[in-house]
Amino acid sequence: MAATPQNPAAATPRRKVSRHRGEGQWAAGHFTPLNGNEQFKKDDDGLNVRTRIETIYSKRGFDSIDPNDLRGRMRWWGLYTQRKPGIDGGKTAILEPEELDDKYFMLRVRIDGGRLTTRQLKVIGEISQEFARGSADITDRQNIQLHWIRIEDVPEIWNRLETVGLSTTEACGDTPRVIIGSPVAGIAEDEIIDGSSAVEEIHRRFIGSKEFSNLPRKFKTAVSGSPLLDVAHEINDVAFVGVEHPEHGPGFDLWVGGGLSTNPKIGVRLGAWVPLEEVPDVWAGVIGIFRDYGYRRLRTRARLKFLVADWGPEKFRQVLQDEYLKRELTDGPAPAQPVERWRDHVGVHRQKDGRFYVGFAPRVGRVDGATLTKIAELAEAHGSGRVRTTVEQKMIVLDVEEAQVESLVEALESLDLTAKPSPFRRGTMACTGIEYCKLAIVETKQRGSSLIDELERRIPEFDEPITININGCPNACARIQVADIGLKGQLVLNDQGEQVEGYQVHLGGALGLEAGFGRKVRGLKVTADELPDYVERVLKRFQAEREDGERFAAWAARADEEALS
């Protein structure tokens, strides 16, 4: 065919177009496993591994565990092998999994909504002391993690947890992880709506069900009716945020597609208002889209945030309505900006029933089994049978009579659990770090605790809300991109040219008021030893240069690089 103005392509030979392999979406007919994870999930549902743990592995020991169970399916029951002691961070990405594995496990206790009775907390504390060398960490997703767990002890641990209504079901793995919720749901004076019943119904209907036990990757949920926006809704796969509809009253604004790690994304509003009783069905629709349309070919793109980014909120809402709910969603308003800078519920606060709740701050979430038991005993001694964990690695005792408040606060202080923390104790979080985590490059927990002490000593007058989040690797379990000062663990060079533990610095991230990822100053890295000096220096510059009422994140966004170095 001759070339013409209407057909210019005819002048040149056609290029062969290769067929795209697709993204591994089930809804597009791509059921063939495309990586090792998809293969072992196809071979056997992760939930089935419990029987093998109880009947084979716990009786024959660690060496009897099938590798696909050990590093794959056991996560469906909250179990990860922990890092073998003595392996430095420089070898994290070099060694094979079996070289990093210790013969002990991290066990994650699932605590939906952060809700615990004092009896449940006592049982966790007892398990920690008897089976986990006293270890216990409160996570920023309201769970409690134990370490040094032997496979031989797992059935007994499960039995004790389940006797008091707790479990480790789908605490890890490519599953619907713990449903985080407002820790003061149903009791806060300023609550818009209590989402507790929705959390309970989602758990009852779907957790442990094979309907959603094979997802492309993990799926994170948040439900809160608090005006403080206290569940980090912006960085969850799906979030239900309390709002007041001008016609229909209190309900939830629907968000999807948030997440951090190496490709952080703030979730997007679908513009839909969801009444409380419809939250479980809408949740099932969103996770159904993830199961069926989620990208399974590459693990690095197998999170809902990538699908949402590609589709956009309009298409996502349309598919949700047309294919999963079979009805239209009601349009609704966005949540109001919170008036409080802190949203961790630390301190003494009046409940809607006239009693009080007391929020207190452990050091970077690190506690121990004996302390958990003592917290439960103190709560009971002061008339309470309920405690809560928060997404800021804090804890709360509920239902305290006014006459008991001061005594409880003093008793907690005696355990180094303060309800009146400095901004540094209150605002510093840390992930597990190299002590136990096979992905970590540097130490975090002890570093964070020492940093708190140093800053309290060096800048005792500092009284501004400040968040300092410390992560042992790039995966952002401690939410480094949305902290005022985010510290990503890596190996750096010191003044002598030696490779040592250190951090890449992110500044000015935020959630709530003005959610965003802040800025990463090119080349701004600090060694672990220099960390207290650096943070002191940048906070003093903030104090000197800030305008009236200016937050650290706003100052960091406008400050020149010299002031941030």
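Select Arg-269 first: leaving aside residues up to four places away in sequence, this residue touches Asp-253, Leu-254, Trp-255, Pro-313, Gly-332, Pro-333, Ala-334 and Pro-335. The model on display is a predicted one. Arg-269 is located in strand 10, which covers residues 268-274. Colouring by accessibility shows Arg-269 as partly exposed, with a relative accessible area of 28%; this value lies between the limits of under 20% for buried and over 50% for exposed.

From Arg-269, move to Pro-313, one of its contacts. Select helix 9 (residues 304-311) together with helix 10 (residues 313-325), where the axes are 6 Å apart and the packing angle is about 105°. The two helices are therefore roughly perpendicular to each other. Show side chains at their contact: Leu-304, Val-308 and Trp-311 of helix 9 meet Pro-313, Lys-315, Phe-316 and Val-319 of helix 10. By class, the residues of this contact comprise 6 nonpolar, no polar and 1 charged.

Next, select residues 118-131, which form helix 5. Its 14 residues reach 20 Å from first C-alpha to last, close to the 20 Å expected at 1.5 Å a residue. The buried residues are Thr-118, Gln-120, Leu-121, Lys-122, Val-123, Ile-124, Gly-125, Ile-127, Ser-128 and Phe-131. Just after the helix, centre the view on Arg-133, whose phi is positive, at about 55°.

To display the contact, select Thr-118, Arg-119, Leu-121, Lys-122, Ile-124, Gly-125, Glu-126, Ser-128 and Gln-129 on helix 5, and Gly-369, Ala-370, Leu-372, Thr-373, Ile-375, Ala-376, Glu-377, Ala-379 and Glu-380 on helix 11. Coloured by residue class, the contact of helix 5 with helix 11 divides into 7 nonpolar, 6 polar and 5 charged residues.

Note on methods
Residues are numbered from 1 along each chain as its sequence is written. This is a predicted model: local features need pLDDT of at least 70, side-chain atom pairs count only at pLDDT 80 or more; totals for chains, interfaces and linings use all residues. Side-chain values use heavy atoms; hydrogens and water are left out. Helices (H or I, at least four residues) and strands (E, at least two) are DSSP runs, numbered from the N terminus. The expected span of a helix is 1.5 Å times one less than its number of residues. Buried means under 20% relative accessible area, exposed over 50%, partly exposed in between (1.4 Å probe, protein chains only). Contact means heavy atoms within 4.5 Å. Ala, Val, Leu, Ile, Met, Phe, Trp, Tyr, Cys and Pro count as nonpolar, Asp, Glu, Lys and Arg as charged, and the others, Gly among them, as polar. Axes are lines fitted to C-alpha atoms, for helices over the stretch in contact, and angles run from 0 to 180 degrees between N-to-C directions. Angles under 35 degrees count as roughly parallel, over 145 as roughly antiparallel, 65 to 115 as roughly perpendicular and the rest as oblique.
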